[in-house]
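Have a look at the model before reading on.

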Amino acid sequence: MTSSSSLDHQKAEECRRRLCMSLERIKETTHPEHLALILSGGVDTCAILHAAASVQMEFAVAITVVIGNDSPDEAFATRAALEHNLKHVIVRMTADTLVQEYLPKTVKLLETWDGM
């Protein structure tokens, strides 16, 4: 292993360790019935699912919000939910509904906005 790839491996292991520690804290302070995951099926939520499994953390439900009929998130999220034996709820809505009805409530609740 080169020193660059060794350093990358060390960083990845540290990131994994911190993620697992965070999940352990959540698991210790939250009743299992209240654990839910917004599941896109992307790299981030799949990393969370993998880390959660390693600390024996189970989610009561995984929720995927789908806009339109051709969202790739649905297939990826469905597969991830099946692989982790999760109850999976798919919420379908239009982009207009998401922006007009739910975005203002979310921004207010989280007190943040990141337009990516």
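How many helices and strands are there in the chain? This is a predicted model, where local features need pLDDT of at least 70, side-chain atom pairs count only at pLDDT 80 or more, and totals for chains, interfaces and linings use all residues. Residues are numbered from 1 along each chain as its sequence is written, and side-chain values use heavy atoms, with hydrogens and water left out.

The chain has 4 helices and 3 strands, taken as DSSP runs (H or I, at least four residues, for helices; E, at least two, for strands) numbered from the N terminus. Going along the sequence, you get α-β-α-β-α-β-α. The C-alpha trace spans about 50 × 35 × 30 Å along its principal axes. Of the 116 residues in the chain, 21% are buried; buried is under 20% relative accessible area, exposed is over 50%, and partly exposed is in between (1.4 Å probe, protein chains only).

Now for the second largest pocket, with a volume of about 170 Å³. A pocket here is an open set of points on a 1 Å grid over the protein atoms alone, where a 1.4 Å probe fits, with protein on both sides within 12 Å along at least five of seven lines; lining residues have an atom within 4 Å of a point. The volume is the space filled by probe spheres set on the points, which are joined across faces, edges and corners. The lining splits into 6 nonpolar, 3 polar and 2 charged residues, and includes Leu-49, Phe-59, His-84 and Lys-87.

Gln-56 and Asn-85 are also among the lining residues. Most residues other than glycine have a negative phi, but phi is positive in Gln-56 and in Asn-85.

Finally, the surface. Val-65, Leu-98, Val-99 and Tyr-102 make a nonpolar patch of about 300 Å². Patch residues have over 30% relative accessible area and no salt bridge, and nonpolar side chains (Val, Leu, Ile, Met, Phe, Trp, Tyr) are joined within 5 Å. Helix α4 (residues 95-110) gives the largest share of the patch, 3 residues. Leu-98 sits in helix α4 and counts as partly exposed because its relative accessibility is 32%.

Definitions and conventions: Nonpolar A, V, L, I, M, F, W, Y, C, P; charged D, E, K, R; others polar. Patch = residues over 30% accessible without salt bridge, like charges linked within 9 Å, V, L, I, M, F, W, Y side chains within 5 Å. Areas by Shrake-Rupley, 256 points an atom, 1.4 Å probe, with all protein chains shown as cover. Salt bridge = Lys/Arg side-chain N within 4 Å of Asp/Glu carboxyl O.
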